[in-house]
Amino acid sequence: MKKGFLFLSIFFVFSLNAQKLSFKIDNQKDTTVHLIKYFGKKLYYADTAELKNGRVEFDGKKQVPGILGVLLPGQKYFEFIYNNEDVSLQTSLPDMVGSMKVLKSEENKVFIPYIRFIGGNKSQVNQMGKQRSALSKDDSKYKELTEQMEAINKKVKDYQDNIVESNQGRLVSKIVKMSM
């Protein structure tokens, strides 16, 4: 009897420490999906699971903290931060990052808005850069676009500085600082 109670107690304690990585992905049929991780600049498979009824779950205990992603068929994927905490995200195709909701994960409550912010501003700067490249440096529109691009870059830097400062001790702060 004591052995049975001891076994249940140990099982209960270990199950409390189990980190779940759970995702709800709308508009995606049942399929095999992969958890991916970075090693240097390359992506590698970290785990595989079945997406059923729009839901998939991975065991976080197998992973090390860092940026991970969920890879769907057709090379569609989204990234998130894992730092030894439960992660629960909900998204929808076709715009997985734009429709992402963080249900559980303090790191990702900062990271997901950050990648949206960076993506939107990068797109804007790229568009302005294309327009500017068609102009001569003497053109007044060239100077105007340059000033607008510099203002966006300053806004991004200020946003990044704020994340680093207000999230000290979190992995998201370190990741943002490295990207700067």
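1. Let's start with T31, which sits in strand β2, a run covering residues 31-39. Please keep in mind throughout that this is a predicted model. T31 counts as buried because its relative accessible area is 16%, and the cut-off for buried is under 20%.

2. Who surrounds T31? Setting aside neighbours within four places in sequence, T31 is in contact with A49, E50, L51 and P73.

3. Next, helix α2, which takes in residues 106-133 and has 28 residues.

4. Which residues of α2 are buried? They are E107, N108, V110, F111, I112, Y114, F117, N121, V125 and M128. As a reminder when you look along the list, an α-helix has 3.6 residues a turn, so residues three or four places apart point the same way.

5. The cover over the buried residues of α2 includes strands β5 (66-72), β6 (76-82), β7 (87-92) and β8 (101-104), together with helices α3 (140-166) and α4 (171-179).

6. Helix α2 also has a part in the largest pocket: β5, α2 and α4 each give at least two residues to its lining. The space in this pocket is about 180 Å³.

7. Sorted by class, the lining holds six nonpolar, two polar and one charged residues.

Notes
Residues numbered from 1 in each chain as written. Predicted model: local features only at pLDDT ≥ 70, side-chain atom pairs only at ≥ 80, totals over all residues. Heavy atoms only, no water. Helix = DSSP H or I, 4+ residues; strand = E, 2+ residues; numbered from the N terminus. Buried < 20%, exposed > 50% of the residue type's maximum accessible area, 1.4 Å probe, protein only. Contact = heavy atoms within 4.5 Å. Expected span 1.5 Å × (residues − 1). 1 Å grid on protein atoms, 1.4 Å probe; cavity = no way out; pocket = protein on both sides within 12 Å on 5 of 7 lines; lining within 4 Å. Points joined across faces, edges and corners; volume = space filled by probe spheres on them. Nonpolar A, V, L, I, M, F, W, Y, C, P; charged D, E, K, R; others polar.
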